[in-house]
Amino acid sequence: MDFCNRHSLLLKPQADFLCLCNLRDFLYTVRMGASIFDTIDPAMLSRIRALRLIDDDFMTAVFGSNTALTEFLLKIILSRDDIRVKSCMTQKDIHNLFGRSVRLDIVAEDVSGRLFNVEIQRADKGASAKRVRYNLSLLDSKTLKKGDTFAALPETYIIFITENDIFAKGKGVYTINRFVDCADDTPYLPFDDGCTILYVNGEYRKDDAIGNLMHDFFATDANDMYYSEIAKNVRFHKQDEKGVHTMCRIFEEYGDERAAIAQAETRAEVAHDLLEDGSLSLDRISAISHLPLERVKQLAAQIQQQA
């Protein structure tokens, strides 16, 4: 069984849809012969029409589980024709029992067992070297089975598509190479750990494959895109009833998730303030902030370290 199927995406239960394009209303419009475009909030439709592939939620919707389109994307970025993607998934949760978990935009595997992680990063700080390191470590930890040797680790590609030219050198693709510094006249020796790291410059616009791809990633209109293979899926998610309905659901789910994150952050702030005050027990702080006791203990330890 391949990587993506072994570690299937965990879907959280969703609340009832809140906007007019929810499932109930969508099915109603189908029965009545009406179009979703007759009921959708115009502001919602405008938001969908303004989306670009550099917006990670839209990119994962367009490429979601589409092996052919993901393969097409990887061939352009890596400039090689020997990639045959057999499985892929988007918004892949990688859980870490002992620390922070991550959600990866695209994880794909080809027929030779190579793994590919493609990330969209609009903020420069989100594309840091340590973020790359963490993504790789969690991917590796989920790859080896009990009893496997380290030689069984697959060749892995970590690809960050950034909105800005974070290295400011004007290149379309930056490849990160690892070398051994021999500290003498000997040339650097390659350190081949089986991982290739690439940064794709979102500002790059030269008349070549990467320049055209980045143009398409920033285009809002499918008709303005160079690559018809990508434009077809973009058009579906912006103009087709089913595609627009999918985007409505993503917006709603994203809103629910952001609300949950904001609530968790607020609870942590309350616990932090109470811990600094120092007048209440950890159990009492846990009850007031609605944070698990273990999380309160972690915050207390962090405050103590910073003191």
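## Arg 131 and its partner

Arg 131 has a relative accessibility of 23%, so it counts as partly exposed. In this predicted model, Arg 131 forms a salt bridge with Glu 119, and the closest N and O atoms are 3.5 Å apart. The two residues sit in distant parts of the chain: Arg 131 belongs to helix α6 (residues 129-141), while Glu 119 belongs to strand β3 (residues 115-121), twelve residues apart.

Is Glu 119 buried or exposed? With a relative accessibility of 1%, Glu 119 counts as buried, because buried means under 20% relative accessible area.

## Other salt bridges

How many salt bridges does the structure hold? There are twelve, and the pair of Arg 131 and Glu 119 is joined in that way. Another pair is Arg 178 and Asp 193, whose side chains meet at 2.7 Å, N to O. Arg 178 is partly exposed at 33% relative accessibility, and Asp 193 is partly exposed at 38%.

Asp 82 and Arg 80 also meet through their side chains, in a salt bridge of 2.8 Å, N to O. Asp 82 is partly exposed, with a relative accessible area of 40%, and Arg 80 is partly exposed too, at 28%. Salt bridges can also join up into a network, as they do for Arg 52, Asp 55, Arg 122 and Glu 163.

Now for a pair of helices. The axes of α4 (residues 56-63) and α8 (residues 228-239) come within 9 Å and cross at roughly 110°. Angles of 65 to 115 degrees count as roughly perpendicular, and α4 and α8 are therefore roughly perpendicular to each other. Their crossing is right-handed.

Which residues make the contact? From α4 come Phe 58, Ala 61 and Val 62, and from α8 come Asn 233, Val 234, His 237 and Lys 238. Sorted by type, the residues of this contact are four nonpolar, two polar and one charged.

## A helix on the inside

Our last stop is helix α7 (residues 209-218). Eight of its ten residues are buried, so α7 is largely enclosed by the rest of the structure. The buried residues are Ile 210, Gly 211, Asn 212, Leu 213, Met 214, Asp 216, Phe 217 and Phe 218.

Methods:
Residues are numbered from 1 along each chain as its sequence is written. This is a predicted model: local features need pLDDT of at least 70, side-chain atom pairs count only at pLDDT 80 or more; totals for chains, interfaces and linings use all residues. Side-chain values use heavy atoms; hydrogens and water are left out. Buried means under 20% relative accessible area, exposed over 50%, partly exposed in between (1.4 Å probe, protein chains only). Helices (H or I, at least four residues) and strands (E, at least two) are DSSP runs, numbered from the N terminus. Axes are lines fitted to C-alpha atoms, for helices over the stretch in contact, and angles run from 0 to 180 degrees between N-to-C directions. Angles under 35 degrees count as roughly parallel, over 145 as roughly antiparallel, 65 to 115 as roughly perpendicular and the rest as oblique. A crossing is left-handed if the near helix is turned anticlockwise from the far one by less than a right angle, and right-handed if clockwise. Contact means heavy atoms within 4.5 Å. Ala, Val, Leu, Ile, Met, Phe, Trp, Tyr, Cys and Pro count as nonpolar, Asp, Glu, Lys and Arg as charged, and the others, Gly among them, as polar. A salt bridge is a side-chain nitrogen of Lys or Arg within 4 Å of a carboxyl oxygen of Asp or Glu.
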